[in-house]
Amino acid sequence: MFLRSFCILIFCAPLVAGQPAAPALPDRVTIDQAVKEAVEKNLGLLAEKYNLSIADARIITARLRPNPVFSAGLDYQDILGTGFRNDPNNNAGPPEYNFRTDFVLERGRKREQRIEVADNARSVAQLQFLNSTRTLLMDVQSAFIDLLLAKESLALARENLKAFESIVDVNTSRVRAGDLAKVELVRSQVAALQFRNAVRQAESKLRVASNRLQALMGRRLLSLNFDVAGELRRETSPVTVADVRTKALELRPDLLALTRDQARSQADLRLQIAQGKVDYTVGTQFHHQFGNGHGNSMGFFFSAPLPVFNKNQGEIERARQEGLQIQAKIRALQNDISTEVENAYQQYATAKDLLESFEKDMLAQARDVRETTLYSYRRGEASFVELLDAQRAFNDTMQGYNEARAEYARSLYLIDSISGKAVNP
């Protein structure tokens, strides 16, 4: 068994060595790199892309013409033993064979109408794929922000833990020197344990955010060393709701897909009207008789169905109603887009005001209160409860500030996505 495995390894090694190795995926990416990799490798988007190939195949089908029909026949064959072939007084027969070809002549420009419907359907599929890309970009950008926020939260938790561990060390020395009651040491140790748990929770959230971003990027093997580079997006250029609404109504691929689908529906209506027109069938036949006499002849045929009952009324009405339905969907989506724009702008304005409030009023005050209380506590002028309250207030302020920065960055990406700018730069 060992010899067999060794031989397989020896013979397969040159084949494996001759294959080009797959390029290693970077463990540290920027947001642009994350978006590019997601567009190229996201499994859901790759599955959606097959709709374009399916639409191309339907165009090929629409361009095909009806096949001609070939027929061959043998008539009056003396297979029952009557013997009329050799009896000149028997008027039965004579035996004959024939070959016939029929051609269908499509009327109403059916082929051109089929091609137009298939071309419009392909455009709809392309715009729907673009809209799926828009949604994916927003998911990747949001996941990237979540990962940056998780990193900030972990750094803050570790900073708090380090601060309280230093307090525990100081209190331990003071208890040994008899300058501090042991209960104060226990309180500081309990607080340090709480901050240690906060670090573990922050590490867990960081791992979850990392896994989610890697999954959106299409990575099947999740790396423990994966990291992101860059800062949270911050722009000072003003955003107006009217400008966002105008761009959204012009650029949103889902709205453009419905508009193109309306053109497809109109082409489908024309096709169904054309389908109601009957097609003609023309044919030619070569006929040969043999037996007591020989003779060759040609025949010509024409046939057409009589449109007495079926004039394709149902499909024509279906196409009309489908066109009305698409018009209603367009109006509904336009209304939804206007609502999305209003909500996104409100989210942007609120996040911007909250972030400015943190930076203008709260950050410096929370930091000064913590530093002052820590200095007073070490001098014995402040209680541990006051120090703990100051530390928690600082922690809440910094966490709120980080979340405000993340929410502001997320609102900027949301406006780009809603306006269609993300996929139409």
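## A helix crossing

The crossing of α2 and α4 is right-handed, meaning that the near helix is turned clockwise from the far one by less than a right angle. Helices here are DSSP runs of H or I with at least four residues, numbered from the N terminus. This is a predicted model, in which local features need pLDDT of at least 70 and side-chain atom pairs count only at pLDDT 80 or more, while totals for chains, interfaces and linings use all residues. Residues are numbered from 1 along each chain as its sequence is written, and side-chain values use heavy atoms, without hydrogens and water.

Helix α2 (residues 31-41) packs against helix α4 (residues 110-177) at about 140 degrees, with the axes 10 Å apart. Axes are lines fitted to C-alpha atoms over the stretch in contact, and angles run from 0 to 180 degrees between N-to-C directions. The pair therefore counts as oblique, the class left after under 35 degrees (roughly parallel), over 145 (roughly antiparallel) and 65 to 115 (roughly perpendicular).

## The largest core

A nonpolar core is a set of buried Ala, Val, Leu, Ile, Met, Phe, Trp, Tyr and Cys residues joined through side-chain atoms within 4.5 Å. The largest one has 59 residues, and Phe226 is among those with the most contacts inside it. Helix α4 gives the most to this core, with 14 residues.

## A buried serine

Ser411 lies in helix α9 (residues 384-419). Ser411 counts as buried because its relative accessibility is 0%; buried means under 20% relative accessible area, with a 1.4 Å probe and protein chains only.

Technical notes
Helices (H or I, at least four residues) and strands (E, at least two) are DSSP runs, numbered from the N terminus. Buried means under 20% relative accessible area, exposed over 50%, partly exposed in between (1.4 Å probe, protein chains only).
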